[in-house]
Amino acid sequence: MLYHLKYVLYDDKKLETYSFNKNMTQEQRDGEFPDGVTKIARVHNPAGGYGYVIVDAESHVKLHSFMMSWAQMCHFPQVEAMIDDEDLLKVT
């Protein structure tokens, strides 16, 4: 299932998070999403301290596993189930 998430960095964690992201190795980036969660896209607004990510998750449990991995740096005030064009044709 596709999900659209908004993340918001905690004010006191912004610089730490940006530094962490900047210094991640490709191996760390590849392992960032747990099995069963695939990143489709992610965009950031660093000045505002927030961004959006679209993932394909096998289950809500897998999705929450991903979100909990970032719990020390941010929260996700918006989590929405989404559908793609193919599924949209089935409901309209």
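So, which residues have the most contacts inside the largest nonpolar core? They're Leu-5, Val-55, Leu-63, Phe-66 and Phe-76, in a core of 16 residues. By nonpolar core I mean buried Ala, Val, Leu, Ile, Met, Phe, Trp, Tyr and Cys residues joined through side-chain atoms within 4.5 Å, with buried meaning under 20% relative accessible area (1.4 Å probe, protein chains only). β1, β3 (50–57), α3 (60–69) and β4 each give two or more residues to this core, and β1 has the largest share, four residues. Helices (H or I, at least four residues) and strands (E, at least two) are DSSP runs, numbered from the N terminus.

Quick caveat: this is a predicted model, where local features need pLDDT of at least 70, side-chain atom pairs need 80 or more, and totals for chains, interfaces and linings use all residues. Residues are numbered from 1 along each chain as its sequence is written, and side-chain values use heavy atoms, leaving out hydrogens and water.

Back to Leu-5. Leaving aside neighbours within four places in sequence, Leu-5 is in contact (heavy atoms within 4.5 Å) with residues including Val-55, Leu-63 and Phe-76.

Now for Glu-32, in the loop between α2 (26–30) and β2. Is Glu-32 buried or exposed? Buried, because its relative accessible area is 11%. Its side chain makes a polar contact with the side chain of Trp-70, at 3.4 Å. That term means N or O atoms within 3.5 Å; within protein, one must be able to donate a hydrogen and the other to accept it, and residues adjacent in sequence count only if both atoms are side-chain atoms. Beyond four places in sequence, Glu-32 also touches Met-24, Arg-42 and Phe-66.

Key: Buried < 20%, exposed > 50% of the residue type's maximum accessible area, 1.4 Å probe, protein only.
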